[in-house]
Amino acid sequence: MKSRILLIEDERGLIITLRDRLRSEGYEVETARDGVTGFERAAAEAFDLILLDVMLPERSGLDVCRDLRQRRISTPILMLTARGQIYDKVLGLKIGADDYLTKPFDMAELLARVEAQLRRIISQIGSGSTESYRFGTVSVDFRRAEIVRAGQKIELSAREFKLLQYLIGNRGTLCTRDKLLDEVWGYDVTVTTRTVDVHIAWLRQKLEENPRHPQYLLTIYGLGYKFAD
C-alpha cells in the first residue's frame, strides 16, 4: 500500500515540484494551499505523513501543528520553512513537529527525511503490526492514538504517546536514552537525556498503579529503560 502524504504549502511552484517528485517515488500525495484547509484535511483524513509549511495564508503552520497535536492526532509532521533562526526551529519541534527542514533544501535530503519518518512509524507499531495493546488495566489504540486506563480515558501529549508506542513496540528490549532521543524525538537540537527521564516520569504518573515502583516502565540503571509485560 502506498504511503499517503499531505502537503500543506502555498507556493504553487514548490507544490508542483514536491507533488510530482513524491509521486514518482511511489507516494500518494494530497495538497492544501492554506492553513485552514490543511488543518481540516489533516484532522479529518488518515495520512502517514504531513509536510507542513510554516508561513501559510489564513493560519500559520505552527498553529496547525499545535492544534493537530491538541486533537491527539499523532501523524508525523515534517515542517518546511524559509526561516533559519534556531528559535523558530525549536519552537516548531516543541509544539509537536517531528522534523524540520529549512528552505531552500535539497530534494534528496527531503526524501531521506520522509523515508526516515515513515520507517519510524513502522518500527513504533512493532514487529507484530498490532493496532492495539493491553497491559494491566491500560488499553492502547495505536490507530486512534487513544489510551484507556480502568475505563477512564488518559490524555497523553503527542511525544508521550510516541515514547510509549516505541517502548511497547520494543518491549523486553533495553532502550538507551540516546536511542530514545533518536527514534522518538528524531532531531539534533539542544536537548539532553534528561528529556527522556522527565517524559518517562510523566508516563508513570498516568499509567502505573504505583509510579514510585513501576511494573511496566522499568529503569535499567545506568543504561536506559525497558517496557516489561
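**The parallel sheet**

I started with the open sheet, which has five strands in the order β2-β1-β3-β4-β5, paired in parallel. The model I am reading is a predicted one. I looked for the edges and found β2 (28–32) and β5 (99–102) there. Each has a single partner strand, so one side of each is left without a neighbour in the sheet.

I then checked one pair in detail. β4 (residues 77–81) runs parallel to β5, and four bridges join them. Within that pair, Leu80 stands opposite Leu101 of β5.

**Helices on the sheet**

Which strands does helix α1 touch? I found that α1 (residues 12–24) packs on the sheet and touches β1 (4–8), β2, β3 (49–53) and β4. The direction of α1 makes about 165° with that of β2.

Helix α3 (residues 61–70) also packs on this sheet, where it touches β3 and β4. Its direction makes about 170° with that of β4. I looked up how covered α3 is: seven of its 10 residues are buried. I listed them as Gly61, Leu62, Val64, Cys65, Asp67, Leu68 and Arg69. Just after α3, I noted a positive phi of about 70° at Arg72.

**The cores**

I turned to the nonpolar cores. In soluble globular proteins, nonpolar side chains tend to be buried together. The largest nonpolar core here has 28 residues. The residues with the most contacts inside this core are Phe135, Val140, Ile147, Leu164, Leu180 and Phe227. I looked up which elements supply at least two residues each, and found β6 (132–135), β7 (138–141), α6 (158–169), α7 (177–185), α8 (194–207) and β12 (224–227). Of these, α6 gives the most, with six residues.

Leaving out residues up to four places away in sequence, Leu180 touches Leu163, Tyr166, Leu167, Cys175, Trp185, Val196 and Tyr225.

Another core lies apart from the largest one and has 20 residues. Among them I noted Ala42, Val54, Leu62 and Cys65. Two of these names, Leu62 and Cys65, were already on my list of buried residues of α3.

Last, I followed β12 to its partner. Strand β11 (residues 217–220) and β12 pair in the antiparallel sense over four bridges. Thr219 stands opposite Tyr225 in β12, and Tyr225 is one of the residues that Leu180 touches. The hairpin has three residues between the strands. Which residue of this hairpin takes a positive phi? I found Gly222, with a phi near 80°.

Key: Residues numbered from 1 in each chain as written. Heavy atoms only, no water. Core = buried A, V, L, I, M, F, W, Y, C linked by side-chain atoms within 4.5 Å. Buried < 20%, exposed > 50% of the residue type's maximum accessible area, 1.4 Å probe, protein only. Contact = heavy atoms within 4.5 Å. Pairing = 2+ DSSP bridges. Axes fitted to C-alpha atoms, helices over the stretch in contact; angles between N-to-C directions.
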